[in-house]
Amino acid sequence: MKFCRTVVRLMPAALLLCCLTVQADASHSAYTLRTGSHDKYLDGTPSGAYQPSAALTRAQAASIVYGLMEQPPAVRYGGFADVPAGAWYEQAAEALAAAGILPPDDTGRFRPSEPITRAECAAMLSHFLPPPQAVLSFADLPADAPEAGAASAAAGQGLLSADDAGNFRPADPVTRAEAAVIFNRLLGRAPNPSELMSTPEMRVFADVPVNHWAYADILEATTTHSYVPVTGSQFERWTDFQREEARIADGFHNIDGWLYFARDGRYVAAETVGSFTFDENGRWTTGNSALDETLAGIVRAQIKDDMSRDEKLRILYNYIRDNFTYIKRGLVSKEQTGWQSEYAASFFADGRGNCFSFAAAFQQLCRSIGVDAVTVVGNLGKNRQPHGWVEITLDGVAAVYDPEIEMVYRGRGGTYDMFRFQYSAAPFDYWK
């Protein structure tokens with residue numbers, strides 16, 4: 001049982017799953033789930049991510065259950081105002097709503113893009129579980145609550161349970177990582193983490209490193225495979241699996257604000273590529289975890305996938321120019337190295353800084369989207385005042401980016417555009 005305890009420790013308190021294998025039973029429902037074949041029922045995104053922390057949507061939940069049913073309901077709900085005709089989840093939503101497995105809300109909407117809550121998930125699962133032996137009382141869900149029966153059924157089979165404070169948290173969303181674990185337990189699937197971690201050519205998700213608490217369950221859910229039960233073991237053993245073709249283009253990829261680098265269809269980890277260092281999870285890192293989180297949050301909020309490289313740079317440049325102000329702080333000498341992360345972290349925390357702070361912050365954001373920006377410590381103007389700016393070489397041409405100077409002149413009513421210009425076209429003398 002040593003491994004079992006390790007698994008539980010790694011899981012969030014909201015999903016303390018026991019090691020019991022639970023399997024859908026025909027005697028408890030008019031509908032049964034396929035448990036014999038271990039086909040994949042979840043998938044990642046085209047960019048090679050799984051998004052384990054993202055909420056499972058009601059559309060995704062309906063599609064999973066509908067696809068796993070031996071004989072899906074033939075009835076149809078009759079149309080939802082918020083389900084477009086021909087949507088990839090339309091058939092599943094119509095069937096599960098009509099069967100009462102995943103019903104609409106009080107207004108008749110299916111709400112396909114909204115997260116499925118823990119209460120809704122428990123109610124959905126209860127259609128494939130035996131009735132609870134006892135109705136449990138959670139700290140935030142009394143035994144006479146409408147959701148208590150379904151919550152008790154799911155908890156009684158080890159699929160969902162209370163957190164350390166005894167709360168069921170019925171309104172909280174189910175994440176995609178939790179969904180893989182829940183459905184694997186429901187289907188009686190029991191992947192062996194240690195075996196999958198050491199299996200070559202295994203599927204790779206940029207955001208699911210081998211030490212992720214749900215690594216094995218996510219691979220189980222996203223990989224079609226054959227298996228045999230192992231006598232005396234709680235785990236199954238894979239005998240073969242369907243290798244997924246690498247769909248990841250080589251180069252930089254930004255996923256949920258984090259920068260990754262793919263080579264030969266796989267994301268690198270614990271490696272430096274040029275001037276970019278990637279940690280053991282494959283994420284680009286400044287060496288400062290708090291700054292990494294800040295940068296990822298800004299990119300996530302400001303950048304859209306369909307933007308061009310130049311549009312992304314302009315958005316980030318404007319963000320630095322428009323949201324921060326000047327304050328005097330220490331100068332940087334030409335000989336200094338490694339100062340950028342310190343200055344950027346302070347700048348984002350304080351909301352202000354000097355020219356070197358503006359340059360460092362913009363440079364770090366540029367690198368967050370895979371643009372190899374460098375900071376320049378030099379001098380400005382005829383008096384050669386100490387100054388810092390960013391230089392980026394794109395398509396063989398080096399250009400200057402100076403958000404601090406533009407911020408200053410805009411505050412004075414000036415109209416200088418200091419986004420991308422060659423030194424020969426600069427409105428001031430730049431001395432490197």
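User: Which residues line the second largest cavity?

Analyst: A cavity is a set of points, on a 1 Å grid over the protein atoms alone, where a 1.4 Å probe fits but cannot get out, and lining residues have an atom within 4 Å of a point. Here the lining consists of Glu201, Met202, Arg203, Thr223, Phe241, Gln242, Arg243 and Glu244. This is a predicted model, in which local features need pLDDT of at least 70, side-chain atom pairs count only at pLDDT 80 or more, and totals for chains, interfaces and linings use all residues. Residues are numbered from 1 along each chain as its sequence is written, and side-chain values use heavy atoms, with hydrogens and water left out.

User: How many residues of each class are in that lining?

Analyst: Asp, Glu, Lys and Arg count as charged, Ala, Val, Leu, Ile, Met, Phe, Trp, Tyr, Cys and Pro as nonpolar, and the others, Gly among them, as polar. The second largest cavity has 4 charged, 2 nonpolar and 2 polar lining residues.

User: How much space lies in the second largest cavity?

Analyst: A volume is the space filled by probe spheres set on the grid points, which are joined across faces, edges and corners. For the second largest cavity that is about 30 Å³, and for the largest cavity about 50 Å³. The whole structure has 2 cavities of 30 Å³ or more.

User: What lines the largest cavity?

Analyst: Its lining includes Trp258, Trp284, Asp292 and Ser368. By class, the lining has 5 nonpolar, 2 polar and 1 charged residues.

Terms used
On a 1 Å grid over the protein atoms alone, a cavity is a set of points where a 1.4 Å probe fits but cannot get out, and a pocket is an open set with protein on both sides within 12 Å along at least five of seven lines; lining residues have an atom within 4 Å of a point.
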